[in-house]
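Let's take a tour of this protein, starting with its pockets and then moving on to its sheet. Keep the 3D view open as you read.

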Amino acid sequence: MADAVRNTRSVVFDLFGDFIRYEGGAIGLSQLCQLLAPFGVQPDAARATMTRLRTEGWFGSERSGRTVMYSLTPKGLSMLDEGRERIFNRDDAAWDGTWHLVTYQVPEDRRGVRDVLRNRLAFLGYGALAPATWVSPRDHAGRVTALANELTADEPGLHLTQLTARTGSRESDREMAHRCWQLAELNGQYRDWLADWRPTFRRVHSGASRGSDALATRVNLVRSYRRFPFADPGLPAELLPHPWHGDTAWSEFIAAYRALGAESGAWFRTVLDE
């Protein structure tokens, strides 16, 4: 049951993030149930999920005649925007060899704050060089400063310092990258993902995916791929294993996502027009 609830929540957010927010921004429950049907979600589960998500502050609702319309709150929109930026935008800027370091001190009785800080640094693409020293080849100084200000507002015992450094050689840079991130494991996950999705890619590019199948395939594609941008630190090419299957996975993902756009959008609009 818990997995079914998480699955329904995930599909709801994906439908709003990829379709509904761009087509009026609000939808009635009966139409939402039609969109959820290809994923095996029953109307009672959809109704219970939307009630729960509204209670949690992700969605608002208002009545239009006899229909209750659901739309994202600013909290919900912010969450989707952050996720979409991470999934669809890649940092391919050239690297000058500079590492950006974050060191911190957190009181021993503030372990919860330390965990939040580590999770947020990992989200930004930092890796742990040492327990209280995290590094990234990308300059996220502004976002780290904002994070520090946010956390220290309630936790004055937190001290955070940002530094820059260079190792002196690409060999040392690559060695550091392999210490801080599980690159071989991630590369294998990309390879396996490609193998799993290749039959679907062939079907998509042949034009065989149509109607509700096109929409379900597009949503499932995003759901399947999106774990990678949150696990992949987006390192410069010179720090990555060769071949890096993440590049192929990205290209295949974007190509299939775009190929499904017209057909999935057309079926979505037929549901809205009913």
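Start with helix H4, which gives four residues to the lining of the largest pocket, the most of any element. H4 spans residues 74-88, and helix H5 (111-124), helix H10 (227-231) and helix H11 (245-259) also give two or more residues each to that lining. One thing to keep in mind as you look around: this is a predicted model.

In the largest pocket, Asn89, Arg90, Asp91, Pro233 and Gly234 are the lining residues that lie nearest the centre. Now look for the second largest pocket. Asp14, Leu80, Arg84, Ile87 and Arg226 lie nearest its centre. Helix H1 (2-18), H4 and helix H9 (211-225) each give two or more residues to this second lining. H4 turns up again as the element that gives the most here, this time with six residues.

| Pocket | Volume | Lining residues | Nonpolar | Polar | Charged |
|---|---|---|---|---|---|
| Largest | about 740 Å³ | 33 residues | 17 nonpolar | five polar | 11 charged |

Next, find the strands. In general, strands of a sheet pair through backbone hydrogen bonds, and they can do so in a parallel or an antiparallel way. In this protein, three strands make an open sheet in the order E1-E3-E2, with antiparallel pairing. Which strands stand at the edges? They are strand E1 (26-28) and strand E2 (59-64); each has a single partner strand, so one side of each has no neighbour in the sheet. From one strand to the next, the twist averages 30 degrees.

Zoom in on the pair E1 and E3. E3 covers residues 67-72, and three bridges join E3 to E1.

**How confident is the prediction?**

The mean pLDDT of the protein is 91, and 97% of its residues reach 70 or more. Where does pLDDT stay under 50? That happens over residues 1-5, and for this stretch the model has one contact beyond four places in sequence.

Key. Residues numbered from 1 in each chain as written. Predicted model: local features only at pLDDT ≥ 70, side-chain atom pairs only at ≥ 80, totals over all residues. Heavy atoms only, no water. 1 Å grid on protein atoms, 1.4 Å probe; cavity = no way out; pocket = protein on both sides within 12 Å on 5 of 7 lines; lining within 4 Å. Points joined across faces, edges and corners; volume = space filled by probe spheres on them. Nonpolar A, V, L, I, M, F, W, Y, C, P; charged D, E, K, R; others polar. pLDDT = per-residue confidence, 0-100. Contact = heavy atoms within 4.5 Å. Pairing = 2+ DSSP bridges. Axes fitted to C-alpha atoms, helices over the stretch in contact; angles between N-to-C directions.
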